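These are my notes from a first look through a structure. I went topic by topic and wrote down what I looked up.

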Amino acid sequence: MNIQTLLNQRIQAAMVAAGAPDGSPALVRQSAKVQFGDYQANGIMGVAKALKTNPRELAQVVIDKLDLSDVAEKVEIAGPGFINVFLKNVWLGKELAELRSSDHLDIDKVDSPEVVVVDYSSPNLAKEMHVGHLRSTVIGDAVVRTLEFLGHTVVRQNHVGDWGTQFGMLLAYMERLRAENSEISMALSDLETFYRAAKTCFDDDEAFAKRARELVVELQSGNEDCLALWDEFINISLTHCEETYKMLGVSLERQHVMPESAYNDDLVNVVNDLQEQGLLKESNGAQCVFMDEFANKDGEITPVIVQKTGGGFLYATTDLAAVRFRQHTLNADRVLYFVDARQSLHFQQIFTLSRKAGFVKPETRLEHMPFGTVMGSDGKPFKTRSGGVAKLSALLEEAQERAYQLVASKNPDMSEEELRNIGRVVGISSVKYADLSKNRTSDYVFNWDSMLSFEGNTAPYLLYAYSRIASIVKRSEIDVESLTGDIAIVEAQERALAMKLCQFEEAVQQVANDGMPHFLCAYLYDLAGTFMTFYEACPILNAEDSVKNSRLQLSLNTAATLKQGLALLGIETLERM
RNA sequence: GGGCCAGUAGCUCAGUUGGAUAGAGCACCCGCCUUCUAAGCGGGUGGUCGCGGGUUCGAAUCCUGCCUGGCCUACCA
């Protein structure tokens, strides 16, 4: 149940009945303050202006046409022409009962499911995953889970970088190790070290560099030995990724990998198609598309280069081929790209060109979901203490260790095994949540202490709130499934909690629409805080039976919502911590 | 040079697309454990929303001009 949608529809209909033009938005929002009720409609003033009438008078006419008697106990006009809606406690209680009996927290599946292709994570296989991949991977996965929860068909696309000149260098190094009879799989167990070693050879050894360049050519021309070597490398690198995904609790698997190299055979077709449509122009030996949309005031256009001087293709070409594949083979209605904000211009160009060239249907939505950079405390991109790029796996190990130390100091009597598991969940979720809870588009500062803190909008706080409820339920010794009866909203804290619980769907839909998981984080933090307030003010297990029954159900609803919400974020819950 | 993004409390961040008196957490101050996990809860101090104009019933949000920072800007991805 989405209250905002319900009120929007009802009030909008009443506005039209009151003489407002069709489609006038009611602009229903959660009220800013309690004295303004639960929801407020802000749309009257704008319409009144267009109609040149008094907004308060219009609001009165709208209210006369509006029947909310089933859900609201009071509807009033306030200020310059707001309509404030005060919902009925009885109705909230009924909604919660439905929420409890639903296996989907009473969230409606979308009427018309879409095929949503989501491009996320997409590491470069030449190196190991590092902090730079955290945001795309974690945010993309949360949005993917949310879209699926709402009933959309999601196609995950891990657009990994497995092609390009740096692979010549890596293959040359593999060759050398093999010639020296060294253990290659051993050397590849740490890709970062391997890459550095290969790079050193490439920079210092002219013969090696020459061989590396040869191997690039051989690879591109399909030499079988070379391809076998490349395959071996790619396979090991992908295995590293999968280990990281598993540690992170990310839903990406081998089947979702659609590497850059998969488009190789199609690149020439892309260029030919552009040529046939007269979109191509040679410039300085390169094949380019010049689009007016990317001209500056002097008429100079930043071109899209699709083929280099000498015939090589670029990432723009690959992305165009990918757009076509996603449209025609995957049948996408919507394509989301969780890619660094620095590539904004690139994607604008790709999207604009894709439309011009007819690579996508006009109604297909292509959306770049840019994100900011993870910063260190110095305000510069996050690095390890030694100044290198932080390997993601090492970062996650550290998170688990730090969390373990914290948890162990608080629970001296717990078994080592349980402590390790709690440390794992708390550590991983802290890193993920710290990322997810920030506005996607802005940079944020990576800070161990604040993300592992039990205070504020953090994973530990939410996990703790959940485990506290789990503890109450356990103590109650009541069969959760058979627990029924009315949910009575009496105390202010009960009401606040009930209201919050009914707003889960609004947060979920926001995440799906905007690709912004931080809305859900803010909601869950709010929910947990509202529960804590309720918990302090309203005894549960010590209350008389009917009250206890009602409050237990409120608690169970909270637990279910927290668990589901965290699951959408890709975060596990703990029954005890 | 041009373009994109950002600038909100001492610090870290929100702000539902133009709504009512700008919100959280940390830090600081004051309270609350013989009762369901105090890893918690309640209260308080703290703001020229980078600066100046403009648009209107109403602006952190929109338009414009500056200031500051980051990024992108033809053959890397």
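**Entry 1: helix α13**

I began with helix α13, residues 344–356; its 13 residues at 1.5 Å each should span 18 Å, and the end C-alpha atoms are 18 Å apart, so the two agree. The expected span is 1.5 Å times one less than the number of residues. Helices here are DSSP runs of H or I with at least four residues, strands are runs of E with at least two, and both are numbered from the N terminus.

Before going on I noted the ground rules. The model is predicted, so local features need pLDDT of at least 70 and side-chain atom pairs count only at pLDDT 80 or more, while totals for chains, interfaces and linings use all residues. Residues are numbered from 1 along each chain as its sequence is written, chains are lettered from A and ligands numbered from 1 in the order in which they are written, and side-chain values use heavy atoms, with hydrogens and water left out.

Which residues of α13 are buried? I found His346, Phe347, Gln349, Ile350, Phe351, Leu353 and Ser354. Buried means under 20% relative accessible area, exposed means over 50%, and partly exposed is in between, with a 1.4 Å probe and protein chains only. These buried residues pack against α11 (264–276), β8, β9 (304–307), α12 (315–328), β10 (334–337) and β11 (365–368). Contact means heavy atoms within 4.5 Å. Just after α13, Gly358 takes a positive phi of about 70 degrees.

**Entry 2: chain A as a whole**

I then stepped back to the chain. Chain A has 21 helices and 13 strands. Its C-alpha atoms fill a box of roughly 85 × 70 × 40 Å along the principal axes. Of its 577 residues, 51% count as buried. Among contacts with a separation of 6 or more, 72% join residues 24 or more positions apart.

**Entry 3: nonpolar cores**

I looked for nonpolar cores, which are sets of buried Ala, Val, Leu, Ile, Met, Phe, Trp, Tyr and Cys residues joined through side-chain atoms within 4.5 Å. In soluble globular proteins, nonpolar side chains tend to be buried together. The largest core here has 154 residues, and Ile11, Leu520 and Leu569 have the most contacts inside it. I followed Leu520: neighbours within four places in sequence aside, Leu520 is in contact with Phe504, Ala507, Val508, Val511, Gly565, Leu568 and Leu569. Another core lies apart from the largest one and has 31 residues, including Tyr263, Leu274, Phe294 and Tyr337.

Helix α14 covers residues 392–410; its 19 residues should span 27 Å at 1.5 Å a residue, and its end C-alpha atoms are 27 Å apart, which agrees. Its buried residues are Leu392, Ser393, Leu395, Leu396, Ala399, Gln400, Ala403, Tyr404 and Val407. What covers them includes α5 (134–149), α10 (224–248), α15 (416–436) and α16 (448–451).

Asn411 is in the loop between α14 and α15. Is Asn411 buried or exposed? It is buried, because its relative accessible area is 19%. Residues up to four places away in sequence not counted, Asn411 touches Leu419 and Met577.

**Entry 4: two positive phi values**

Asn284 has phi near 55 degrees, a positive value in a residue other than glycine. Asn284 sits in the loop between β7 (280–283) and β8, and counts as exposed because its relative accessibility is 75%. Glu477 also has phi near 55 degrees. Glu477 lies in the loop between α17 and α18 (492–501) and is exposed, with a relative accessible area of 73%.

**Entry 5: RNA strand B**

I finished with the RNA. How many residues surround RNA strand B? There are 63, and the closest are Arg29, Lys308, Tyr464, Arg468 and Tyr535; a residue is near the strand if one of its heavy atoms lies within 4 Å of it. They divide into 29 nonpolar, 19 polar and 15 charged. Here Ala, Val, Leu, Ile, Met, Phe, Trp, Tyr, Cys and Pro count as nonpolar, Asp, Glu, Lys and Arg as charged, and the others, Gly among them, as polar.

A polar side-chain atom of His518 lies 2.7 Å from a phosphate oxygen of RNA strand B.

Technical notes
A polar contact is a pair of N or O atoms within 3.5 Å; within protein, one must be able to donate a hydrogen and the other to accept it, and residues adjacent in sequence count only if both atoms are side-chain atoms.
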